Amino acid sequence: MEGEAEVQEFERLLNAALPTVVRGAAASESGRLYRNVMSRVEMPLLRLALELSAGNQLKAARLLGINRNTLRKRLRLLGLLPAGRPSLHGAKTA
């Protein structure tokens, strides 16, 4: 099966690198270990999904198996998407 070797190599690399990353983050970032480790994986994953979908967020979300709004929220939180414009709903007009 094509791709199986890549998956096994990814798992090998992850198992080799993760303990060092976790130990370093655990020593310096009290209570933020999960967030720190996940952002290191999530950011390149989201960038690649957007690249594979030619920047189309709906296609990227489908590729990832998540809702487009969830993708946009994660992109915004990771600084990969500018903050949205203020909503006009409920805004007072002159």
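1. Let's start with Glu 42. At 16% relative accessibility, Glu 42 counts as buried, where buried means under 20% relative accessible area, exposed means over 50%, and partly exposed is in between (1.4 Å probe, protein chains only). Keep in mind that this is a predicted model: local features need pLDDT of at least 70, side-chain atom pairs count only at pLDDT 80 or more, and totals for chains, interfaces and linings use all residues. Residues are numbered from 1 along each chain as its sequence is written, and side-chain values use heavy atoms, with hydrogens and water left out.

2. Where does Glu 42 lie? Look in helix α2. Helices (H or I, at least four residues) and strands (E, at least two) are DSSP runs, numbered from the N terminus. Leaving aside residues up to four places away in sequence, Glu 42 touches Arg 74 and Leu 78; a contact here means heavy atoms within 4.5 Å.

3. Now for the partner. The side chains of Arg 74 and Glu 42 meet in a salt bridge, at 2.8 Å from N to O. Arg 74 lies in helix α4 and Glu 42 in helix α2, so the pair ties together parts that are 32 residues apart in sequence. A salt bridge is a side-chain nitrogen of Lys or Arg within 4 Å of a carboxyl oxygen of Asp or Glu. Arg 74 itself counts as partly exposed, with 27% relative accessibility.

4. How many salt bridges does the structure hold? There are two.

5. Helix α2 covers residues 33-52, so to speak a run of 20 residues, and reaches 29 Å from its first C-alpha to its last, close to the 28 Å expected at 1.5 Å a residue. The expected span of a helix is 1.5 Å times one less than its number of residues. There is also a bend of about 30° at Ser 39; the bend at a residue is the angle between axes fitted to the seven residues ending there and the seven starting there.

6. Which residues of α2 are buried? They are Asn 36, Val 37, Glu 42, Leu 46, Ala 49 and Leu 50. The buried residues of α2 pack against α1, α3 (57-64) and α4 (68-77).

7. Arg 40 has its place in helix α2, and with 53% relative accessibility Arg 40 counts as exposed. From C-alpha to C-alpha, Arg 40 and Val 21 are 9.9 Å apart in space, while in sequence they are 19 residues apart.

8. Check the backbone just after α2. There, Ala 54 takes a positive phi of about 55°, a positive value in a residue other than glycine. Ala 54 is found in the loop between α2 and α3. Is Ala 54 buried or exposed? Ala 54 is exposed, with a relative accessible area of 73%.

9. Leu 18 sits in helix α1 (residues 4-28) and counts as partly exposed, at 32% relative accessibility.

10. Finally, the whole chain. The secondary structure comes to four helices and zero strands, and read along the sequence the pattern is α-α-α-α. Of the 94 residues in the protein chain, buried residues make up 16%. The chain exposes about 7800 Å², with carbon and sulfur atoms supplying 57% of that area. Accessible areas come from the Shrake-Rupley method with a 1.4 Å probe, and for residues only the protein chains shown count as cover. Among contacts between residues at least 6 apart in sequence, 27% join residues at least 24 apart.
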